[in-house]
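Hi everyone, thanks for coming.

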Amino acid sequence: MTQISPLNFVHKVGKFGDHEGKNKNDLLKVSEVNGLLIFQIAQYKNSSFDISKIKLDGLSLPSSLNSTSNLNTRILWFGPNCWLVFSSDLDLIEKEKNQFSETVFAITDISHSRTIIELEGSLVNEVLKKGCPLDISSLKAGDCANSVYNGVTITIDFISENPKKVRILGLRSFGESLHHSITDACLEFGYKAI
Amino acid sequence: MLYIKCPFCGYRSQKEFAYGGDGTVKRPELNQDISDEKWNEFVYLRKSPRGKHVELWHHVAGCRQWFKVQRDTVTHEIFQTTKMNEEIK
C-alpha cells in the first residue's frame with residue numbers, strides 16, 4: 001500500500017519569509033519527519049508490573065516529562081503509565097513484543113495517525129512561544145511535553161540543544177493546520193523548508 | 001487565564017484543560033435500591049456555590065488525566081489540586 005505523508009500537499013521545499021540577506025546557517029529549518037514506526041504503550045492501571053524491567057531497543061521507559069533515546073528509537077512519556085515510541089526500526093514491535101504481556105500492556109500502532117514537524121535553529125523557542133503556553137525557555141534536551149499550539153493538541157520532543165532541535169507531533173488530521181500555524185510563525189524570522 | 005497545577009505535569013495554562021463540573025457528586029452505590037428523586041439528584045442537580053468549591057478538571061491537551069481542583073468561584077484562586085484517588089484536605 002502506498003503511504004502518502006500527512007504534509008504531502010502543504011510542505012513545499014524552499015526558502016520563505018524574511019530570509020533575504022541572512023546567513024543560511026542562521027535560518028530556521030523546517031522539515032517533515034515521516035516513515036517512522038510510532039506506537040503507544042499503555043500499562044493497565046491495575047497492573048503492578050515493574051516497568052524498570054523493560055528495555056526497548058536498549059532503552060528504559062522514561063519518567064514524567066522526560067524521554068529516552070538512541071540513534072534509532074525515541075521513547076516519550078505521554079502520561080501516567082503511558083509512553084509513545086518512535087523508531088526507524090520498523091520491526092521493533094515484532095522484535096520486542098515478548099516483553100509486553102497482554103494482561104499488563106496495550107500496544108497500539110499509530111504510525112499512520114501522526115504528523116511530525118521538525119524545527120531546527122536558534123530561534124526555535126521564539127516560534128514555539130508564539131502559539132504554545134508552556135514555559136518554553138525552561139525546557140531542555142531530553143524533555144517532552146504535551147500542550148497546544150494555536151489550539152491544536154501537540155507533543156513537543158526536545159531533541160538537542162546545539163543545534164536547537166525539536167519535533168512537534170500532532171494528529172495527522174490536524175497536520176495541515178499545524179503546519180500552517182508553525183510556518184506562519186516562522187515567516188518573521190525567515191525559514192528554509194527541507 | 002487560570003494557571004492550574006496538574007498533579008502529574010505541574011503548572012500549566014488553562015488552555016490545556018477542560019472543566020469537568022462539580023467534583024463532589026457521588027454515584028449511588030451499586031445494587032442498592034434508590035428512589036427516582038435520588039437518581040434525579042445524582043444525574044441532574046449540581047451545586048453552584050459562591051466561594052470554595054471542589055471541581056473536576058481534565059488535562060485534555062496534556063497527560064489526559066482527570067483530577068480534583070479546589071477553587072474559589074469568586075476570585076478564581078486555586079487552593080489545592082489532587083489526583084482522583086486522593087481527598088481534598
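This is a predicted model: local features need pLDDT of at least 70, side-chain atom pairs count only at pLDDT 80 or more; totals for chains, interfaces and linings use all residues.

Okay, chain A. By that counting, chain A has three helices and twelve strands. How does the radius of gyration of chain A sit with that of a compact globule? Well, a compact globule of 194 residues would come out near 16 Å, and chain A has 17 Å, so the two agree. If you'd rather think in boxes, the C-alpha atoms of chain A fill one of roughly 60 × 40 × 30 Å along the principal axes. Of the 194 residues in chain A, 33% are buried. And if you take the contacts in chain A between residues at least 6 apart in sequence, 62% of them join residues at least 24 apart.

Now zoom in on a sheet in chain A. It's an open sheet of five strands, with antiparallel pairing, and the order is β4-β5-β6-β3-β7. Which strands stand at the edges? Those are β4 (67–69) and β7 (105–109) of chain A; each has a single partner strand, so one side of each has no neighbour in the sheet. From one strand to the next, the twist averages 20°.

β4(A) runs antiparallel to strand β5 of chain A, residues 73–79, and three bridges join them.

Over to chain B. Here we have one helix and six strands, and along the sequence they read β-β-β-α-β-β-β. The box for the C-alpha atoms of chain B is roughly 45 × 30 × 25 Å, again along the principal axes. Buried residues account for 16% of its 89 residues. Among contacts in chain B between residues at least 6 apart in sequence, 50% join residues at least 24 apart.

Last stop: where the chains touch. Nine residues of chain A are in contact with ten residues of chain B. Which element gives the most on the chain A side? That's strand β9 of chain A, residues 144–149, with three residues.

Methods. Residues are numbered from 1 along each chain as its sequence is written. Chains are lettered from A and ligands numbered from 1 in the order in which they are written. Two residues are in contact if their C-beta atoms, placed from the backbone, lie within 7 Å. Helices (H or I, at least four residues) and strands (E, at least two) are DSSP runs, numbered from the N terminus. The radius of gyration is taken over C-alpha atoms; the globule rule is 2.2 Å times the number of residues to the power 0.38. A residue is buried if 20 or more other C-beta atoms lie within 10 Å of its own, exposed if 12 or fewer, and partly exposed in between; C-beta atoms are placed from the backbone. Two strands pair if DSSP finds at least two bridges between them. Axes are lines fitted to C-alpha atoms, for helices over the stretch in contact, and angles run from 0 to 180 degrees between N-to-C directions.
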